[in-house]
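Please open the model in your viewer, with the sequence panel alongside, and follow the selections below in the order in which they come.

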Amino acid sequence: MIQTFKHRLDGFTLLEILLALGIMGIIAVFAIALSGSVQNAAKVGDTERRMGEIAAKAKAFYRNSESLPAGAGTGGDEVPVSSTDFNMEQKFRYDGWGTPLRYYRRTVSITVTPPGTPLTIPDIDAYSVNGKAAAGVIISNGSNQTAESTVTGVSPPFTVNTAGDDIVVPIDVSQEAVEIALDQLKVLQDKVKALDAVY
């Protein structure tokens with residue numbers, strides 16, 4: 001005797017298919033939103049890293065020349081990445097969103113007598129960023145690409161008003177200035193000792 005088995009094939013109902021598609025749509029919306037947040041966070045991190053490297057190069061430049069380099073560009077407010085200044089790749093002029101970073105520094109010109117020649121020195125507390133003095137400042141417009149932070153004041157200290165999602169990194173060279181002054185004082189003390197030995 002041969003047995004026959006009847007197989008009943010059950011399919012999905014239209015309601016089950018629509019429910020599965022709805023759940024997949026909700027998951028896709030959350031995945032896209034999360035992906036955008038992750039990409040934005042990566043760009044913020046990349047921008048902060050670039051700005052940190054620029055600040056470190058500025059401090060090294062200050063140690064070697066006792067001043068910060070002038071800004072590049074027609075307005076003089078772009079990061080000076082040339083080989084004579086920071087010797088950095090051109091990408092360091094831009095934040096993670098491709099907008100040029102803003103770079104500010106100030107020097108003071110005084111006349112030394114004698115011999116009466118002008119001497120340009122950095123103003124190491126020209127800017128006030130969140131209540132702390134800085135010789136310069138680097139500003140990114142942030143993810144919304146709108147410049148919300150401003151530098152105000154007609155004479156030092158200039159106040160950097162941080163606003164919106166802008167990223168602001170101060171360039172503080174006070175420690176470097178102290179080290180340079182101590183080195184110069186040591187040289188002067190050695191000269192005085194040498195003169196004392198002669199007389």
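Among contacts in the chain between residues at least 6 apart in sequence, 60% join residues at least 24 apart, where contact means heavy atoms within 4.5 Å. Before selecting anything, please note that this is a predicted model, in which local features need pLDDT of at least 70 and side-chain atom pairs count only at pLDDT 80 or more, whereas totals for chains, interfaces and linings use all residues. Residues are numbered from 1 along each chain as its sequence is written, and side-chain values use heavy atoms, with hydrogens and water left out.

**The whole chain**

Switching to a surface display shows about 13100 Å² of accessible surface, of which 60% belongs to carbon and sulfur atoms, the areas coming from the Shrake-Rupley method with a 1.4 Å probe and, for residues, with only the protein chains shown counting as cover. Of the 199 residues, 25% count as buried, which here means under 20% relative accessible area, while exposed means over 50% and partly exposed lies in between (1.4 Å probe, protein chains only).

**A nonpolar patch**

Select Phe12, Leu14, Ile17, Leu18, Leu21 and Met24, which form a nonpolar patch on the surface with about 690 Å² of accessible area together. Patches are made of residues with over 30% relative accessible area and no salt bridge, like charges being joined within 9 Å and nonpolar side chains (Val, Leu, Ile, Met, Phe, Trp, Tyr) within 5 Å. Is methionine 24 buried or exposed? Methionine 24, found in helix α1, counts as exposed because its relative accessibility is 54%.

As for accessibility, aspartate 46 is partly exposed at 21%, arginine 49 is partly exposed at 38%, and glutamate 53 is partly exposed at 32%.

**Arginine 93 in its loop**

Now move to arginine 93, in the loop between α1 (14–65) and β1 (102–105). Which residue forms a salt bridge with arginine 93? The partner is glutamate 78, the closest N and O atoms being 2.6 Å apart. Both residues lie in the loop between α1 and β1, so the pair ties together parts that are 15 residues apart in sequence. Arginine 93 is buried because its relative accessible area is 17%, whereas glutamate 78 counts as partly exposed at 22%.

The side chains of arginine 93 and glutamate 78 are also joined by a polar contact of 2.6 Å, and a further polar contact, of 3.3 Å, joins the side chains of arginine 93 and tyrosine 94. A polar contact is a pair of N or O atoms within 3.5 Å; within protein, one must be able to donate a hydrogen and the other to accept it, and residues adjacent in sequence count only if both atoms are side-chain atoms. With its neighbours within four places in sequence left aside, arginine 93 is in contact with Glu78, Val79, Val81, Thr99, Pro100 and Leu101.

Next select valine 168 in strand β9 (residues 167–171). Leaving aside neighbours within four places in sequence, its contacts are Met51, Val129, Val137, Ile138, Ile139, Ser149, Val160 and Thr162. A distance drawn between the C-alpha atoms of valine 168 and asparagine 130, 38 residues apart along the chain, reads 9.8 Å.

Finish at helix α2 (residues 174–198), whose 25 residues reach 36 Å from first C-alpha to last, close to the 36 Å expected at 1.5 Å a residue; the expected span is 1.5 Å times one less than the number of residues. In α2, Glu176, Ala177 and Ile180 are buried, and what covers the buried residues of this helix includes α1.

How values were computed. Helix = DSSP H or I, 4+ residues; strand = E, 2+ residues; numbered from the N terminus. Salt bridge = Lys/Arg side-chain N within 4 Å of Asp/Glu carboxyl O.
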